[in-house]
Amino acid sequence: QVKLVESGGGLVQAGGSLRLSCAASGLIFSRSTLGWFRQAPGKERELVAAINWGGGSTTYLEPVKGRFTISRDNAENTVYLQMNSLKPEDTAVYYCAATAPYGLGTRRSQYDYWGQGTQVTVSS
């Protein structure tokens, strides 16, 4: 059974950086697409970044392009989200998620496994 646990959230001033980590367990990890989502109060959960099983294909939400970087370490069963130049509008609960093996991971419905989330708050 897949289990995901996020860490690294916190309070940071605008312009600062945070690195989120997601420790995963389960036999499908190395062949699953991994994603980071975020959800602000009153808004829908949105895909921030995703990375395929080989790490060679990534996708980003337009507002975070050039500022955020997703990466994975299959040997350590961990996916990361490096967030630089943070803005107040980045404030949200961030969730990591995983698809079934070889899942495309382009839509929220394709993610079967979810972490509990970690709060990121960016002050102005």
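The backbone nitrogen of Gln-116 lies 3.0 Å from a polar atom of the Glu-6 side chain, and the backbone nitrogen of Cys-96 lies 2.9 Å from a polar atom of that side chain. A polar contact is a pair of N or O atoms within 3.5 Å; within protein, one must be able to donate a hydrogen and the other to accept it, and residues adjacent in sequence count only if both atoms are side-chain atoms. The model is predicted: local features need pLDDT of at least 70, side-chain atom pairs count only at pLDDT 80 or more, and totals for chains, interfaces and linings use all residues. Residues are numbered from 1 along each chain as its sequence is written, and side-chain values use heavy atoms, with hydrogens and water left out.

**Glu-6 and strand E1**

- Glu-6 lies in strand E1; strands (E, at least two residues) are DSSP runs numbered from the N terminus, as are helices (H or I, at least four).
- Glu-6 counts as buried because its relative accessibility is 10%; buried means under 20% relative accessible area, exposed over 50%, and partly exposed in between (1.4 Å probe, protein chains only).
- Beyond four places in sequence, Glu-6 is in contact (heavy atoms within 4.5 Å) with residues including Trp-36, Tyr-94, Tyr-95 and Thr-118.
- E1 pairs with strand E3 (residues 18–25) in the antiparallel sense over 5 bridges, where pairing requires at least two DSSP bridges between two strands.
- Lys-3 stands opposite Ser-25 in E3.

**Largest pocket**

- The largest pocket has a volume of about 170 Å³; a pocket is an open set of points on a 1 Å grid over the protein atoms alone, where a 1.4 Å probe fits, with protein on both sides within 12 Å along at least five of seven lines.
- Grid points are joined across faces, edges and corners, and the volume is the space filled by probe spheres set on the points.
- Lining residues have an atom within 4 Å of a point; of the 13 here, Thr-33, Ser-57, Thr-59, Leu-104 and Thr-106 are the closest to the centre.
- The lining divides into 5 nonpolar, 8 polar and no charged residues.
- For this division, Ala, Val, Leu, Ile, Met, Phe, Trp, Tyr, Cys and Pro count as nonpolar, Asp, Glu, Lys and Arg as charged, and the others, Gly among them, as polar.
- Strand E5 (46–51) gives the most to the lining, with 3 residues.

**Lys-87**

- Lys-87 sits in the loop between strand E8 (78–83) and strand E9 (92–101).
- Lys-87 is partly exposed, at 35% relative accessible area.
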